[in-house]
Amino acid sequence: MIENLKLALNLNFNTGSLEGSIEINLRESVKTFILNKGLKVEEANRELSQELKGIQGFEKFKVSVVKLEEPANNLELIYSGKLESYESVLPYLKDSINREYTLLRTDSLFYPIPAEPAFESLVKSVVSSEFNAEIDIGGVPDDLTIAFGGEIRDNRLIIEGTNRLDIAIAPFHVIEGEQFRLFVLSTKGIERTLDLLRRAYEFYSSILGKKTAKYTVIETPENYGGQAGKGYALVSGSSLRREIPANLYHELAHLWNPRVTPEAHLSRFFDEAFANYLTALAIREIHGEEAFNSFIENLRRDYEAVLGRFPEAEKLKPSEWGKLGLSELSYTKGTLILHDLHQKLGEDFYEILRRMVNSAIIDFQRFKEIVEDVSGLVIDI
């Protein structure tokens with residue numbers, strides 16, 4: 001949906017507010033944008049109206065709805081206000097502007113997203129975007145560091161071919177290497193983490209092919225939720241330093257995500273289920289068979305807990321999860337489906353993974369065709 005954007009932000013760390021100026025170009029004309037509930041458009045190059053409204057089907061998630069009088073494929077806005085947290089609705093979404101830890105990400109709508117105030121519309125808009133962005137940030141105190149997944153030139157941030165933006169500002173320590181760049185809140189235990197990250201990267205590369213760009217890891221405080229973007233990940237401090245850093249392996253695995261249709265993405269099967277099973281394989285490669293079996297058994301227990309709440313999930317196919325709002329099944333049942341498929345197919349399973357990664361775009365029909373072509377196995381998914 002978004003083709004490119006230029007964004008200038010001025011942050012006020014005393015009030016938790018921001019002033020933003022944005023130029024945004026789209027691949028098609030739209031009429032509606034959504035913003036964080038605490039932000040308001042002050043000036044625009046087009047006539048528009050604004051109102052505070054809940055997202056359809058998730059009414060407690062309030063957003064500023066900006067509606068143009070006529071559809072357009074470009075927009076210039078000046079907006080301002082306090083970036084408000086959505087923690088009361090989604091506990092991980094603690095994004096705010098403050099000296100201890102500032103996080104700006106697409107999920108908190110710190111810039112206008114072309115979408116209707118509906119969850120499915122928002123997901124489709126983000127997934128279908130692949131844009132280049134330039135962001136200038138002002139107001140950052142000298143003792144704080146800006147962390148970003150793309151290129152950083154002082155207070156100018158540049159990223160290409162992304163579908164989301166994530167910016168963290170905190171008293172980071174920066175660790176630069178040939179393959180990796182880490183922004184961490186403490187250097188304690190980080191050398192071991194870096195070694196495990198390298199080993200996981202080499203393992204995934206041996207299966208799916210190397211990625212040449214530098215990979216960035218940004219440490220977050222606890223309970224901010226793990227997140228992967230174009231060549232980077234947000235990972236909590238405890239997850240980085242665990243004996244088996246499964247969350248780190250999981251976010252790294254997203255580097256090899258196949259490109260999926262917006263409809264197929266709703267199920268989260270092709271990103272979360274596959275990332276979770278690659279995590280399991282990395283655990284076996286690095287930490288051994290016992291650790292792998294334990295990881296799989298924990299998934300089985302988690303899935304059984306889901307069945308206790310929703311027995312009908314047993315009969316649902318992955319292609320049905322998204323429409324029913326059950327994408328959480330991708331982490332458990334989806335991973336177990338891939339484990340069973342791997343056990344049936346052996347080494348052919350890796351050929352399926354490679355074909356997926358190298359496909360122009362994936363949906364459930366294409367996945368079915370790849371599996372049947374590689375293995376001769378007929379699947380109903």
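Author: Two strands pair if DSSP finds at least two bridges between them. Strands (E, at least two residues) and helices (H or I, at least four residues) are DSSP runs, numbered from the N terminus. The model is predicted, so local features need pLDDT of at least 70 and side-chain atom pairs count only at pLDDT 80 or more, while totals for chains, interfaces and linings use all residues. Residues are numbered from 1 along each chain as its sequence is written, and side-chain values use heavy atoms, with hydrogens and water left out.

Start with β6 and β12 (residues 166-170), which run antiparallel and are joined by 4 bridges. One of the residues involved is Thr102, whose bridge partner in β12 is Ile169. The two strands belong to an open sheet of 3 strands with antiparallel pairing, in the order β6-β12-β9. β6 (102-105) and β9 (145-148) are at the edges and have a single partner strand each, so one side of each has no neighbour in the sheet. On average, neighbouring strands here are turned by 15 degrees against each other, direction ignored (axes are lines fitted to C-alpha atoms).

A cavity is a set of points on a 1 Å grid where a 1.4 Å probe fits but cannot get out, and lining residues have an atom within 4 Å of a point. Grid points are joined across faces, edges and corners, and the volume is the space filled by probe spheres set on them. Searching the whole structure gives 2 cavities of 30 Å³ or more.

The largest cavity has about 100 Å³ of space. Of the 13 residues that line this cavity, Trp256, Pro258, Phe274, Leu278 and Val357 lie nearest its centre. The contribution of α6 is the most, at 5 residues. By class, the lining of the largest cavity has 11 nonpolar residues, 1 polar and 1 charged.

Conventions
On a 1 Å grid over the protein atoms alone, a cavity is a set of points where a 1.4 Å probe fits but cannot get out, and a pocket is an open set with protein on both sides within 12 Å along at least five of seven lines; lining residues have an atom within 4 Å of a point. Ala, Val, Leu, Ile, Met, Phe, Trp, Tyr, Cys and Pro count as nonpolar, Asp, Glu, Lys and Arg as charged, and the others, Gly among them, as polar. Axes are lines fitted to C-alpha atoms, for helices over the stretch in contact, and angles run from 0 to 180 degrees between N-to-C directions.
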